[in-house]
Amino acid sequence: MNLALHPRLLSPAETTGELSKGGAATLFPLALDVLREAMAQLPACRTLTELFSVLNACSRTLVPTAKTATLLRQPDACFELVQCSPRALEAELREQADAMIESGHFAQALKQGLCYHRERPDRASLLLRIATPRRIYGVALWTSHHIPEDARQALGALTDLAAMSLERFQGGAESFLVQTHTDRPSVGGISIAEDVAIPADQLTGLAHRTHFIRFLQRALEQRTPSTSVGTLLLDIDGFHRVNRELGCDMGDQILRDVALRLDSALRSRLFFETLGIAECDLCFSRTGADEFGLAIARLRTPQHLDEIAAHLHSHVAEGFLQGGSRLHLSLSIGLADSGQDADASSPQALLRNADTALKKAKLSGRNKHAIYTPDWDESGSPHLRTESLLQEALRQDRFSLHYQPLFGLTDMRLVGAEVLLRLDMTDGSPIPPSKFIPVAESTGQIAEIGEWVTRQVCHQIRAWDALGYARIPFSINVSGIELSLPRLTERFARILAAEQVPHRRIHVEITETAIARNEKQALANIRELREAGFEVWIDDFGTGYSSLKSLKNFPISGIKLDREFVKDLVGDLAAEGIAISILEMAQRLRYPVIAEGIETAAQLAFLRAEGCASGQGFHLGRPVPTDDFQKSYFAQTEADSGQSA
Amino acid sequence: MMETKGDLLERLDELPSLPAVYHRVRQTLENPDGSLETVAAIIEADPALAARLLRVANSALYGLATKVDTVLRALTIIGAAETHNLVLATTLVSVFRDLPLGAVSMRSFWEHSIACGVAARVIARVGGRASPDRAYLAGLLHDIGRLPLYILEPHIMGAALQAHRDRQGHLFDLEQQFFGSSHAEIGAALLRGWAIPEVFCAAAAHHHRPALAEHPAPEIAVTHVADLVANSLRIGTSGARWTPILDDLAWRATGLETAQLRAVVETTIATTRDVTSAFLEH
């Protein structure tokens with residue numbers, strides 16, 4: 001900060017008597033405190049309103065009895081009153097300012113920097129020019145019965161500080177256009193309706209993305225050989241769920257809380273000291289719906305970026321109070337450092353790097369951070385595209401469900417249906433589950449997708465029940481990630497309770513590989529599910545990780561014979577042998593078996609002859625969208641039951 | 001609005017209470033036959049508390065010449081009166097450390113409180129008018145009334161904070177508007193409910209308006225000034241984003257000279273970081 005000594009600070013006292021007036025001895029140290037305070041707060045101000053409230057607070061401490069007004073120069077070179085205190089005296093102060101323009105005192109202040117003038121024995125006025133060496137921004141007015149010399153000096157310094165803030169706000173514009181209120185009667189005094197300085201986000205009060213990018217731009221331009229610019233992007237994990245489950249009002253409240261909490265955590269001296277920066281080197285902004293950006297200028301030690309992430313994590317760790325209980329939210333943080341040279345010399349490049357890091361952090365699970373390094377540039381991108389596609393799909397309900405019928409092999413009655421998840425690109429081309437499910441599992445999105453599926457199936461069950469169709473159970477696939485997390489049963493039970501669907505209508509399908517992921521938790525989940533009345537089936541039986549162990553140890557309902565053992569049936573002796581053995585073993589253990597992937601009449605006949613209870617496959621019925629399922633299978637069942645009745 | 005206040009005062013018992021170990025220590029200290037040995041034994045029965053207490057005792061707060069590694073030794077060095085304050089501070093921070101708040105993290109809250117306590121201790125020592133030990137605890141407890149506001153009335157507090165963020169006034173004044181009360185009043189009631197010695201209740205009650213205290217005590221003035229120091233240094237926050245206005249009489253009552261302020265500020269910054277980590281880090 002270059003604070004050239006302003007000539008007005010050297011101006012002589014108005015009368016010699018004033019210098020020796022009592023109170024000066026205690027006032028001067030107070031003035032220093034006030035200035036120190038102002039120097040701490042002004043760089044943090046983002047709007048004119050904030051700036052004036054700091055100035056007013058400081059000025060009230062220095063001259064408690066004074067009325068104040070600020071006039072800013074407008075594009076047409078007129079001066080407009082933009083704030084006054086007390087507000088009720090707007091008319092009076094406006095009149096007084098006009099009188100001082102008439103009398104030439106205003107001009108004197110503009111020319112010389114200050115004008116102290118005693119109009120009446122009981123009233124003195126101080127006019128100070130708000131200006132930097134480059135530009136005049138306006139004039140500030142104080143009026144009181146007496147303004148001591150020391151206070152005047154302090155106010156002069158305060159005005160200079162304000163001018164520097166205005167210069168920072170203005171960013172090259174010639175002057176501040178402030179909406180004027182002269183046309184309408186003053187109700188409740190002046191309000192700065194359109195605060196022209198730094199655009200703030202209505203909801204969180206943080207700076208907008210546009211300002212964030214401007215800040216980055218300036219910070220990048222001001223890099224020195226020993227400093228760089230750090231950028232962090234922070235995303236609240238699973239925030240769309242908060243909105244969906246608690247409603248948007250609650251979501252907004254939480255977003256506000258997160259913003260304020262992080263803002264306070266960042267504007268702490270201990271934090272600045274760790275990084276060796278000042279408050280004005282920091283810009284915290286809302287850069288997206290549930291995304292925040294933090295830019296750090298003049299960063300000397302980029303290795304501290306890790307600590308920043310840890311610092312931010314620690315401030316959200318305890319969670320948020322929500323309707324009397326604790327809501328845990330976590331942040332994923334992507335960090336990027338501009339380096340000292342031209343590596344990332346545009347705000348866009350820096351943001352892109354931080355965004356890549358953010359995606360990487362998300363991929364490694366929730367509540368994590370990652371620092372961008374140039375060597376992992378393109379490798380992850382298709383994956384990342386799928387991830388954001390999933391996010392979009394969840395937000396816009398772009399997933400859909402298909403249903404594949406299950407039949408009893410002896411009487412060919414419809415005994416159930418497997419629910420299959422489908423996702424289409426925006427252009428309509430399908431993305432196979434083998435592509436998106438692994439991504440969803442690695443990002444944790446699988447849990448949200450799983451909830452969506454369950455809810456959707458429940459809706460459908462109710463709809464079909466209302467139409468009077470057969471009350472068959474529906475099988476939902478549960479991933480390894482979900483199976484290795486606690487409270488799986490609770491999740492199902494909660495959704496089913498809300499949808500008023502009985503537990504026996506949902507069958508859960510799990511693979512052995514999924515069990516192997518966390519056997520202990522999987523076992524606990526399966527037990528709980530069974531106790532709650534859900535059927536649990538082992539999917540793809542025979543191809544997985546440890547087939548027989550799962551049969552022995554887990555309280556399952558039945559097994560689904562993998563298509564691998566069905567596809568070569570009839571003719572291939574090995575395939576026949578395995579199929580027969582599995583069916584025999586299952587029979588002995590009293591597990592019902594569903595054969596998967598029945599594609600020919602011969603396969604069907606073979607399995608039926610070997611005592612397999614039920615089956616599914618293209619030969620019996622392909623997975624089809626909801627409407628087709630209803631038309632093809634329920635209409636059918638209805639007709640059947642109509643005939644048999 | 002007044003209902004909010006009455007309602008809040010009635011609901012203070014919904015907050016976590018001070019742990020039994022604090023009450024046992026206090027009884028022992030007040031008992032003429034009690035000894036520091038007994039106190040140490042009570043504390044050591046709770047290993048987490050004992051470990052935390054040793055960390056705080058060894059922090060820059062007490063400036064012990066050598067590191068102490070037993071509770072009894074720590075208590076003997078700091079003395080019986082300070083033992084009470086140390087146990088109260090340690091148990092209180094532990095009880096409230098991991099609770100969720102709203103727009104302010106519990107960590108920021110305690111950082112501010114600890115900074116204020118540390119500043120109060122330094123001011124009392126330099127100014128020479130208040131007892132450093134009492135000033136420290138008064139500073140540490142001064143904003144405790146914000147916790148009930150956050151925990152019991154999160155929505156109203158959220159609205160008050162938003163108004164504060166939108167620069168509609170000091171948070172203290174906005175609390176009056178929104179609750180018909182303030183964290184100062186609620187805090188004093190909470191501390192009285194816990195039967196904390198009166199000087200700390202009075203400091204909490206009057207730290208924003210020291211001139212209104214019926215019985216002015218140097219600890220009140222010191223807490224007021226320490227709160228300003230902590231706020232203007234911005235070490236943590238209990239919600240307020242602006243520094244309160246200085247009460248001139250309180251400033252004089254601290255006995256501090258302006259020239260000493262720099263040293264006070266520097267010591268506060270240096271000490272707070274260490275004390276914060278002693279209280280809060282795992």
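Helix α7 of chain A (residues 209-221) has 13 residues and reaches 18 Å from its first C-alpha to its last, close to the 18 Å expected at 1.5 Å a residue; the expected span is 1.5 Å times one less than the number of residues. Helices (H or I, at least four residues) and strands (E, at least two) are DSSP runs, numbered from the N terminus. The model is predicted: local features need pLDDT of at least 70, side-chain atom pairs count only at pLDDT 80 or more, and totals for chains, interfaces and linings use all residues. Residues are numbered from 1 along each chain as its sequence is written, while chains are lettered from A and ligands numbered from 1 in the order in which they are written.

**Helix α7 of chain A**
- The buried residues of α7(A) are A:F212, A:I213, A:F215, A:L216, A:A219 and A:L220; a residue is buried if 20 or more other C-beta atoms lie within 10 Å of its own, exposed if 12 or fewer, and partly exposed in between, with C-beta atoms placed from the backbone.
- Because these residues cover an arc of only 155 degrees around the axis, they lie on the same side of α7(A); the arc is that of the directions from the helix axis to the C-beta atoms.
- The face turned away from that buried side carries the exposed residues A:T210 and A:E221.
- The buried residues of α7(A) pack against β6 (228-236), β7 (282-288), β8 (291-299) and α12 of chain A.

**Helix α12 of chain A**
- The 17 residues of α12(A) (residues 347-363) should span 24 Å at 1.5 Å a residue, and the end C-alpha atoms are 24 Å apart, which agrees.
- Of the 17 residues of α12(A), 13 are buried, so the helix is mostly covered.
- A:G365 follows α12(A) and has a positive phi, near 110 degrees.
- Leaving aside neighbours within four places in sequence, A:A354 is in contact (C-beta atoms, placed from the backbone, within 7 Å) with A:T231, A:L232, A:L233, A:G334, A:L335, A:A336 and A:Y372.

**Nonpolar cores**
- The largest nonpolar core has 142 residues, and those with the most contacts inside it include A:A354, A:L335 and B:A119; such a core is a set of buried Ala, Val, Leu, Ile, Met, Phe, Trp, Tyr and Cys residues joined through C-beta atoms within 7 Å.
- The largest share of this core, twelve residues, comes from α7(B).
- Apart from this core lies another, of 53 residues, among them A:Y403, A:F407, A:F565 and A:I598.

**Chains and confidence**
- Chain A has 24 helices and 22 strands, and 42% of its 645 residues count as buried.
- Chain B has 16 helices and zero strands, and buried residues make up 53% of its 282 residues.
- The mean pLDDT of chain B is 91, with 99% of its residues at 70 or more; pLDDT is the predictor's confidence in each residue, from 0 to 100.
- The predictor gives the complex an ipTM of 0.90 and a pTM of 0.59.

**Interface and B:F179**
- In chain B, 32 residues are in contact with 27 residues of chain A.
- On the side of chain B that touches chain A, α10(B) gives the most, with five residues.
- B:F179 lies in helix α11 (residues 171-179) of chain B and counts as buried because it has 23 C-beta neighbours inside 10 Å.
- B:F179 and B:M157 are 22 residues apart in sequence and 8.5 Å apart in space, C-alpha to C-alpha.

Technical notes
Contact = placed C-beta atoms within 7 Å.
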